[in-house]
Amino acid sequence: MAVKKVAVFAGSFDPITNGHLSILKRALKDFNQVILLLAVNPKKRAYFTSKKRLAMMKAAVKGLDRVKVDYTKGYTVNYARDHHAKFLVRGVRNKADQQYEDKLAKINHQLAPEIKTVIYPCEVSYKDLSSTKIKQLIKNGSDLNQFLPRSVIKLI
């Protein structure tokens, strides 16, 4: 029997975007299961409540049978270890993201050397997509169709 490869894709998902889904779908090609994890960062002020973000995440991945949506207030590596995941999935848009993710991967490796970080560069069409920009578009009543899944737009 083949070893089940489980990965955790954690983020604030405030809200989940088409860029996040692109990374998730690519990760599903490499892993048997991906846990889409709402990781609450107390240093970040969220636009949407945790409950709303979880609802948006579940709506966005409906039909993706190898994806589980979950939530933690703790460290992602501890969650991964507790759920027998050996990989952390991360996405990067630019050099600044890459530098941040490299530092985070190093810290995570020190905390849990058995868990590997896998970094996916985002698609070119999502290089400028960020939750901050999405929140500005929401506040301005702009069209969100090219940035968010329709199921998420319905919940906003």
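1. Start with a charge and a ring. Lys5 lies over the face of Phe87, 5.9 Å from the ring centre. Keep in mind that this is a predicted model.

2. Aromatic pairs come next. The structure holds three of them. One joins Phe31 and Phe87: the ring centres are 5.0 Å apart and the planes meet at 50°, so this pair is tilted. Phe31 sits in the loop between α1 (18-28) and β2 (33-39), while Phe87 belongs to strand β4 (residues 87-92), so the pair ties together parts that are 56 residues apart in sequence.

3. Phe31 has 5% relative accessibility, so Phe31 counts as buried. Phe87 has 18%, so Phe87 counts as buried too.

4. Another pair is Tyr47 with Phe48. Their ring centres lie 4.9 Å apart with planes at 85°, so the pair is edge-to-face. Tyr47 is partly exposed, at 36% relative accessible area. Phe48, at 11% relative accessibility, is buried.

5. Now look at helix α1. How many of its 11 residues are buried? Eight are, so α1 is largely enclosed by the rest of the structure. Among the buried residues are Leu21, Ile23, Leu24 and Leu28. Asn18, Gly19, Ser22 and Ala27 are also on that list.

6. What covers the buried residues of α1? The cover includes strands β1 (6-11), β2, β3 (67-72), β4 and β5 (116-121), along with helix α2 (50-60).

7. Finally, check the start of α1. Thr17 caps the N-terminal end of this helix. A side-chain oxygen of Thr17 lies 3.2 Å from the backbone nitrogen of Gly19.

Terms used
Residues numbered from 1 in each chain as written. Predicted model: local features only at pLDDT ≥ 70, side-chain atom pairs only at ≥ 80, totals over all residues. Heavy atoms only, no water. Phe/Tyr/Trp six-rings, centres within 6.5 Å; stacked < 30°, edge-to-face > 60°. Helix = DSSP H or I, 4+ residues; strand = E, 2+ residues; numbered from the N terminus. Buried < 20%, exposed > 50% of the residue type's maximum accessible area, 1.4 Å probe, protein only. Lys NZ or Arg CZ within 6 Å of the ring centre and 35° of its normal. Contact = heavy atoms within 4.5 Å. Polar contact = N/O pair within 3.5 Å; in protein donor to acceptor, adjacent residues only side chain to side chain.
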